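Hello,

Here is the structure I promised to pass on.

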Amino acid sequence: MSELTHAARAAAPAPRRTPVLAYLAADWRRMRRTWLLPLTLMGPLGVTLMGVILFLMAGEPRLKGFRAGGLTGWEVVTGELGMVQVLALGLGAALLASMIVDVEHRSDTWKQMLGLPVSRGMVYGVKFAWAAALLAVSSVLMAVGYVALMVWLHLGPLPWAALATIAVLPWVATLPVLAFQLLLSTSMRNQALPLAVGVLTPIFGMGMSTMAAWMPWRLITQAMTVAVGGVVAGGPGESLTWLTPGVIVGLSVAWVVVLVSAGAVLLARREV
Amino acid sequence: MNDLVVETKGLTKRYGKRAVVDRLDLHVERGQIYGFLGLNGAGKTTTIRMLMGLIHPSAGSARLFGRAVPAERMQVMRRVGALVESPSYYAHLSGWDNLKVVATLLDVPDRRIGEVLAIVRLTGDAKRKAGDYSLGMKQRLGIAAALIGSPDLVVLDEPTNGLDPAGIHEIRDLIRRMPREHGITVLVSSHLLAEIDQMATSVGVIHGGRLIFQGRIEELRARSREHVRVEIDRPADALVAASGLGARLTEAGDALVLDSTSPSDAANLVRALVARDIGVFRVEERRLSLEDIFLELTGEAGAA
């Protein structure tokens, strides 16, 4: 008997810490064949298509400002779609956060995965990292969508700096909401409440001037305001505040650190 | 050197005031197939969850290979594979992909996935979606996931639950091979005594959260006292007639039960009964089955 166990021990690799890449790779495999990846593409595609429809239905009235020389082409497209993008980011964050943990809720795999020699904090952090990465892909694709619209409508030279800003800054500002939604979605099996919160808060949050500007939902609007260089059409009363791009990034990072740590602690203490 | 693979001391889990697991002292030695037996709701799964570090004990401690869980679980879980309660699987992934997720986290080469698939006989279905598997296949996939890290201890919680007889037989066979062929210690829970009896070398009986028996299965079987049962027509008179045989005689309905199997005792009893003109229909030797012992054990514990 002792020989058998000895042989088995020798065959098993020595215990070592699971590398971060392994967590990332394991989660990538889990995400395949789910709606996470299609959703990442559908978000920006949907917003862009909405722009196409808007300009096809009533192109000339919408382009009047540009033709008269009062508005730049960039201001025209972001004026139509900026607020839609804000909503899409908030909603997308809620959906991604929900779907990435619902994979575990639905298949009842928390108990299997957390029974492995893995760090629960890492498991949580990697889920956030993947959701953030998918949201980044969406944001970059959204910028591509703006380019497509501007080229299609012959709206003049492309504003590269503004395009880079709109790809990055609203994404960074959405990460606190993503972290909040992930916390919510992880803490409960039933995803109805997290999704309801995810749908409603962007709608209320963006127009709600009573909400402090540093709150996660307002941050997205603020970031978008900065990105389009002024007042966003459709967001009445929203204007540039004291939130410079640097402050927005700083606040977002702070929110992410607090909310992701809280979620990691919650998962670490959780009984599964 | 300590040869205890699993050791718990006063392990307790309370939900509110109710102790679901109550001061459990489990001892599983290397190379054993330890049958963890108890009715549904006796506390088996809760105990296993604590062993795996999935839930925190309210009191007491648990050690695997001498390491405390959950405090030192990162050091020891590499040596443990488990199937806790219902099998966990990603329905949208193939059987192979499901195992690959675990293999990636354990840093095990793909070759090992093929090996464990072969062990549980799922090689032919590796490419199919796990959601389309039958219950038995899902259960086997769960066992494959438990085996993939080449563990020294495998914990299987009700592995035959919901399986058809063929599936049960297959899994039982697989479990029996583990210590022999792979040097694995097995802790397997079940609510069926017959099942434990057919594969376990040691047994722990849990009832109402408390361990009411722990030892080799032979010790449990040694409790199966033999006795002689005599069916007669006038039990009331019979007890008086056979009073010469002493206190080992008890009345049970229309029969007498003699707590002895010595031929002379039985012969004396029958002689005494016939002498008093009492009709004897049947004399038989009886043995308490393991099932009877189990019921007796759990009955006692329930009454206490």
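Below is what I found, chain by chain and contact by contact.

First, the ground rules. This is a predicted model, in which local features need pLDDT of at least 70 and side-chain atom pairs count only at pLDDT 80 or more, while totals for chains, interfaces and linings use all residues. Residues are numbered from 1 along each chain as its sequence is written, and chains are lettered from A and ligands numbered from 1 in the order in which they are written.

Chain A has eleven helices and zero strands (DSSP runs numbered from the N terminus, with H or I over at least four residues for helices and E over at least two for strands). Of its 272 residues, 44% are buried. Buried here stands for 20 or more other C-beta atoms within 10 Å of the residue's own, exposed for 12 or fewer, and partly exposed for anything in between, with C-beta atoms placed from the backbone. Among the contacts in chain A with a separation of 6 or more, 80% link residues 24 or more positions apart; a contact requires C-beta atoms, placed from the backbone, within 7 Å.

The expected span is 1.5 Å times one less than the number of residues. For α11(A), residues 245-269, the 25 residues reach 36 Å from first C-alpha to last, close to the 36 Å expected.

Within α7(A) sits Ala133(A), which is partly exposed because 14 other C-beta atoms lie within 10 Å. Its C-alpha is 9.8 Å from that of Thr40(A), 93 residues away along the chain.

The buried residues of α11(A) include Ile248(A), Trp255(A) and Leu267(A). The buried residues of this helix pack against α7, α8 (160-187) and α10 (216-228) of chain A.

Now to where the chains meet. The contact involves 31 residues from chain A and 34 residues from chain B. On the chain A side, α1 (2-11), α2 (20-31), α5 (73-107) and α6 (110-113) each supply at least two residues, and α1(A) gives the most, with six residues. By class, that side has 17 nonpolar, seven polar and seven charged residues (Ala, Val, Leu, Ile, Met, Phe, Trp, Tyr, Cys and Pro count as nonpolar, Asp, Glu, Lys and Arg as charged, and the others, Gly among them, as polar).

The axes of α2(A) and α3(B), residues 95-106, come within 8 Å and cross at roughly 170°; axes are lines fitted to C-alpha atoms, for helices over the stretch in contact, with angles from 0 to 180 degrees between N-to-C directions. The two helices are therefore roughly antiparallel, a label for angles over 145 degrees. Residues in this contact include Ala22(A) and Arg29(A) from α2(A), and Asp97(B) and Val101(B) from α3(B). The classes in this contact are five nonpolar, one polar and four charged residues.

Finally, chain B. Its domain assignment, automatic or from a database, gives domain 1 (4-221) and domain 2 (226-287). The centres of domain 1 and domain 2, taken over C-alpha atoms, are 48 Å apart.

Best wishes

Definitions and conventions:
Contact = placed C-beta atoms within 7 Å. Parallel < 35°, antiparallel > 145°, perpendicular 65-115°, else oblique.
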